[in-house]
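Biologist: I'd like to learn how to read a sheet. Could you walk me through one?

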Amino acid sequence: MDTPILSCEALSKSYGASPVLENFYLALSKGEIVGLLGPNGSGKTTLIKLIAGLLTPNAGKIEICGVPPSAATCGIVSYLPDRCALPQDMTTVELVRFYARMFSDFDREKAETLLRDLRVSPTKRMKALSKGTREKVLLILTMSRRARLYLLDEPIGGVDPATRDYILKTILSARSPESTILISTHLIADVEPYLDSFFFLSEGVIVAGGSVAAYKEDLGTTLDEAFRRTFQC
C-alpha cells in the first residue's frame with residue numbers, strides 16, 4: 001500500500017483553553033485535488049499551518065510522505081497563506097528570481113508565462129499592485145513549484161470571476177499527476193468542478209466528506225448547495 005502524501009493522526013491543537021482541532025484524522029492520496037471547506041472559525045487555516053509546519057500540535061502527529069513537517073518537507077510542500085506575505089518592495093520579476101534561488105523545483109519559465117498571460121507587469125512593485133493582482137502573483141509563484149503537496153489557503157478570494165476560470169483551468173489542472181492539492185476556499189461553486197474529494201470542517205471536526213461525485217449523486221445536489229444546507233445560520 002502506498003504511503004499517503006499527507007497523514008494526520010489524533011491531531012489536536014488549542015489556543016489557550018480553546019480547542020481548534022481535537023482528535024483529528026485525515027489521509028490524502030497522491031494525485032487528488034481536495035476541498036477543505038467550512039465556515040469561518042472552523043479550523044481550516046490552523047490545520048493548513050500545522051501541515052506547513054508553522055504551528056506545533058498539542059497532540060497527535062502529521063506526516064508528509066512519511067516525514068513530519070520540518071526543513072526536510074519544505075522541499076516537497078508549496079504553501080500559499082491566506083494573506084500575502086511577499087516583500088512589498090520587490091517587483092514581480094525580482095520575486096521570480098527570488099523563488100528560483102530559494103526552490104530547486106521552481107519552474108521559472110512556467111511562472112513567467114503565467115504572469116505574462118495574466119498581464120501582470122514585471123516591473124511594478126508588489127505594493128503598487130491591486131489586492132487581486134497580488135493574489136495572482138502569489139498563487140502563480142506557489143503553483144510554479146513542482147511540489148508533491150500544495151497547500152492553498154483561500155487562493156482566489158480577491159480575484160475577479162473571469163480570471164478565476166483561467167487560474168483554475170490552467171494552474172490547478174496543470175499539476176503533476178503525482179501531486180496533491182489541498183485547497184481551502186469559500187468559493188465552492190468555482191472550485192467544485194475540479195475537486196476529486198472534499199471534507200466539511202466544523203469546529204475542528206469533519207462532519208462530511210469523501211468523493212465529490214459520489215456525494216453529489218447520493219444527495220442529488222451540488223456540493224455548494226450541500227455546504228449551504230450544512231452550515232446555514
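Biologist: I'd say V205 in β9 is the partner of S202. How should I read the numbering and the model?

Modeller: Residues are numbered from 1 along each chain as its sequence is written. This is a predicted model, where local features need pLDDT of at least 70, side-chain atom pairs count only at pLDDT 80 or more, and totals for chains, interfaces and linings use all residues.

Biologist: In what senses can strands pair?

Modeller: Strands of a sheet pair through backbone hydrogen bonds, either parallel or antiparallel. Here β8 and β9 are antiparallel, with six bridges; strands are DSSP runs (E, at least two residues), numbered from the N terminus, and two of them pair if DSSP finds at least two bridges between them. The two form a hairpin with two residues between them, and E203 in the turn has a positive phi of about 50 degrees.

Biologist: Which strand order does the open sheet have?

Modeller: Its six strands run β5-β6-β7-β3-β8-β9, with mixed pairing. β5 (77–80) and β9 (205–211) are the edge strands, each pairing on one side only.

Biologist: How many bridges join β3 to β8?

Modeller: Four, and these strands run parallel; L36 stands opposite F199 in β8. Strand β3 (residues 33–37) also pairs with β7 (residues 180–184) in the parallel sense, over four bridges, and there I33 has I181 as its bridge partner.

Biologist: Why is β8 largely enclosed by the rest of the structure?

Modeller: Because five of its six residues are buried (under 20% relative accessible area, with a 1.4 Å probe, protein chains only).

Conventions:
Heavy atoms only, no water. Buried < 20%, exposed > 50% of the residue type's maximum accessible area, 1.4 Å probe, protein only.
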